[in-house]
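Open the model in your viewer and keep the selection tool at hand.

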Amino acid sequence: MAGSDLFTGRPRTASRRRGAIYLALITAVCGACQRDTALSLYPVQGKVYCDKQPAEGALVIFHPISDDQPDGIKPRGFVGKDAQFQLTTRSQHDGAPLGEYAVTVLWREPGDEDEPGKLLVPNHYLAPTESGLRATISVGDNKLNAFHLTSE
């Protein structure tokens, strides 16, 4: 039984049902996209040192702690020779959403195509639950305290 159209009372055809399903899917997908792009981002700058030296080339990743962040949003940035990084979420240096974050740092020696370089920081800096690094992003420009890592 096909059922009837809510507005006309006429029987629904298979093509009308398909059209309604497609419309519902498109609305759901567009709604999800809009929520992501509507998420406000705030500029974030920080510094990373390892054994008091700039961790040049390290990748800094912010992992949301709360459940109110959309899945997959992990702002990140690369550390420059001056130890500074700026976070990127959607486009270069656009910042990060408000919230509390666990921070991880991946830093390796340069490698080649077949082998990644040697890890320059201990493994615990790679795990959000073990790194011990935290940050809070608030409204406005965020200049974070420097992260000081040790190679041991």
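Start with the rings: a search of the whole structure finds 3 aromatic pairs. Rings of Phe, Tyr and Trp (its six-membered ring) pair if their centres lie within 6.5 Å; planes under 30 degrees apart are stacked, over 60 edge-to-face, the rest tilted. Select Phe 85 and Phe 147: this pair is stacked, at 6.5 Å centre to centre and 15 degrees between the planes. Phe 85 sits in strand β5 (residues 84-86) and Phe 147 in strand β9 (residues 147-149), so the pair ties together parts 62 residues apart in sequence. Strands are DSSP runs (E, at least two residues), numbered from the N terminus.

This is a predicted model: local features need pLDDT of at least 70, side-chain atom pairs count only at pLDDT 80 or more, and totals for chains, interfaces and linings use all residues. Residues are numbered from 1 along each chain as its sequence is written, and side-chain values use heavy atoms, leaving out hydrogens and water.

Are the two Phe residues buried or exposed? Phe 85 is buried at 2% relative accessible area, and Phe 147 is buried at 6%. Buried means under 20%, exposed over 50%, partly exposed in between (1.4 Å probe, protein chains only).

Next, select Lys 52, in the loop between β1 (44-50) and β2 (53-54). Lys 52 is exposed, at 74% relative accessibility.

Finish at Asp 114, in the loop between β6 (99-106) and β7 (133-137). Asp 114 is exposed, with a relative accessible area of 72%.

Conventions. Helix = DSSP H or I, 4+ residues; strand = E, 2+ residues; numbered from the N terminus.
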